[in-house]
Amino acid sequence: MSSKHIVVIPGDGIGAEITAEALRVSQAAAKKCGYSFTHETKQAGGAAIDAYGVPLPEDTIDACRKADGVLLGAVGGPKWDHVAPELRAEKAILGLRKSLELYANLRPIKVFPALAAQSPLKPEIVNAVDILIVRELNGGIYYGARQEATIVNDVELAWDREGYSRPEIERILRLACRSAIGRKGKVTSVDKANVLATSRLWRKVANEMAAAFTQVEINHMYVDNCAMQLVLNPGSFDVLVTGNLFGDILSDEAAVLSGSIGLLPSASLGDGTGLYEPIHGSAPDIAGLGLANPLGTILSAAMMFRYSLGSEQIAAMIEAAVDQVLVDGYRTPDIYQQGLTKVSTEEMGQQVINRLK
Ligand code: NAD
Ligand code: IPM
Ligand code: MN
């Protein structure tokens, strides 16, 4: 097998700690399977602002374009909250998603049986949870024109434009329908079609898509109701497809079902290099203390082996080791319960490595 090459972008806050563990686990799992890959580290976010004066250096983009996969920690933090909007650390991630044309963000929401009792929801409600959130990642209000606060007729105002084109909607809905085949065959398309023009186009396209994908059941749900159903009846969802902003918000909400946002991975896919990152941010409140849960990043690396590096075997090996670590009672502070074993970020990584088989 030809050797694959990945770019690792630690980013800011807890990024360095969690990507270090994900890389260590990836290397150990690859070795066990006789698989080889190389990696290089690149800067983005606040770290790049400090080093180069820009959040996303060209050199980082180029390296990502050439790589087989990108593993990212998280970017942003209070240190860079007051720079010019174009230079914000978060621009790095938005720029990477755009440069690599990563239009689909897959965010699987699952409940680890070992953690079900710990969910703020009743175990009988969360046990049935197996949701794939498919978030559109290249369009919508994130990338529309915007006006920063300015004075018009003596009044300060600002605006952000939400836009979606038919091709943008078609490609994400197609991917959602394809993902549903091989799962429960159900797609919930989430919008705000009772108010927004973009949502009405989205719904029209979804209805047309339903005619093409006869093996899939597509239904529509308003985003406000969806926010409620995710905690009331989360077991009723299979694939949930939605736009960029709604997907961002609903996936943090859905993370509560699993017990901690630190557990959840994501894959951002398009036609080029895939990008893999946990769904959480840089957690500045716990950065550098060894308190961060690395499992979301480790599971993101598993997704990278599955979707970009051509090894389902390594992906499944890492996922099984993560399941086992939780069954065996190892817990970072975010998921700690009395009587179990509290571990640091690094120890958690090591316990996963110990269970790779
Ligand atoms: P956050 O996800 O960083 O943190 C929210 C809460 O969850 C915090 O209490 C944090 O300690 C906790 N948390 C997050 N990840 C954890 C982990 N792995 N283990 C244990 N606890 C964890 O969200 P925020 O505080 O709103 O944002 C902080 C910064 O991160 C901001 O600058 C934001 O823009 C950025 N951000 C970046 C990304 C990304 O790079 N993909 C995603 C979200 C937020
Ligand atoms: C995420 C983050 C990003 C987003 C920010 C950091 C730009 O919240 O990946 O979920 O809003 O997409
Ligand atoms: Mn988010």
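UniProt positions are given in the numbering used here, and such annotations may be inferred rather than shown by experiment. All views below are taken from a predicted model.

**Figure 1. The chain as a whole.** The chain contains 12 helices and 14 strands. Its radius of gyration is 20 Å, close to the 21 Å that the globule rule gives for 357 residues, so the chain is as compact as a globular protein of that length. Along the principal axes, the C-alpha trace spans about 60 × 50 × 45 Å. Of the 357 residues, 48% are buried. When contacts between residues at least 6 apart in sequence are considered, 75% of them join residues at least 24 apart. An unreviewed UniProt entry annotates residues 5–352 as "domain: Isopropylmalate dehydrogenase-like". This span is 41% helix and 22% strand, and its end C-alpha atoms lie 23 Å apart.

**Figure 2. Positions listed by UniProt as "binding site".** The unreviewed entry lists Arg97, Arg107, Arg135 and Asp224 under this heading. These positions span 128 residues in sequence, and the farthest two C-alpha atoms are 26.6 Å apart, so they do not all gather at one spot.

Figure 3. Arg97 belongs to helix α4, which comprises residues 90–99. A residue is buried if 20 or more other C-beta atoms lie within 10 Å of its own. Arg97 has 20 such atoms within 10 Å and is therefore buried. Apart from neighbours within four places in sequence, Arg97 is in contact with Leu102, Leu137, Asn138 and Ser268.

**Figure 4. Surroundings of Arg135.** Strand β5, made up of residues 130–136, holds Arg135. Because 28 C-beta neighbours lie inside 10 Å, Arg135 counts as buried. Beyond its neighbours within four places in sequence, the contacts of Arg135 are Asn105, Arg107, Thr242, Asn244, Gly247, Asp248 and Ser251.

**Figure 5. Packing of helices α1 and α10.** Helix α1 (residues 15–32) packs against helix α10 (residues 295–307) at an angle of about 45°, and the two axes are 8 Å apart. The two helices are therefore oblique to each other. Their crossing is right-handed. On the α1 side the contact is made by Ile18, Thr19, Glu21, Ala22, Val25 and Ser26, and on the α10 side by Thr297, Ile298, Ser300 and Ala301.

**Figure 6. Two residues of helix α1, Val25 and Lys31.** Both Val25 and Lys31 are located in helix α1. Which of them is buried and which is exposed? Val25 counts as buried because it has 29 C-beta neighbours inside 10 Å, whereas Lys31, with 12, counts as exposed. Leaving out neighbours within four places in sequence, Val25 is in contact with Ile298, Ala301, Ile318, Gly349, Val352 and Ile353. Two of these partners, Ile298 and Ala301, also belong to the part of α10 that makes the contact with α1. Val25 and Leu356 are 331 residues apart in sequence, with their C-alpha atoms 8.6 Å apart in space. For Lys31 and Ile314, which are 283 residues apart along the chain, the C-alpha separation is 9.7 Å.

**Figure 7. Packing of helices α6 and α7.** Helix α6 (residues 166–180) and helix α7 (residues 197–212) pack with their axes 10 Å apart and at an angle of about 45°. They are therefore oblique to each other, and α6 passes α7 in a right-handed crossing. Helix α6 contributes Arg166, Ile169, Glu170, Leu173, Arg174 and Cys177 to the contact, while helix α7 contributes Leu201, Trp202, Val205, Ala206 and Met209.

Figure 8. Most residues other than glycine have a negative phi. Glu101, although not a glycine, has a positive phi of about 50°. Glu101 lies in the loop between α4 and β4 (104–110), and it is partly exposed, with 14 other C-beta atoms within 10 Å. Asp154 is likewise not a glycine, and its positive phi is about 70°. The loop between β6 (146–152) and β7 (155–160) contains Asp154. With 5 C-beta neighbours inside 10 Å, Asp154 counts as exposed.

Technical notes: Residues numbered from 1 in each chain as written. Chains lettered and ligands numbered in written order. Predicted model: local features only at pLDDT ≥ 70, side-chain atom pairs only at ≥ 80, totals over all residues. Helix = DSSP H or I, 4+ residues; strand = E, 2+ residues; numbered from the N terminus. Contact = placed C-beta atoms within 7 Å. Rg over C-alpha atoms; globule rule 2.2 N^0.38 Å. Axes fitted to C-alpha atoms, helices over the stretch in contact; angles between N-to-C directions. Parallel < 35°, antiparallel > 145°, perpendicular 65-115°, else oblique. Left-handed = near helix turned anticlockwise from the far one by under 90°.
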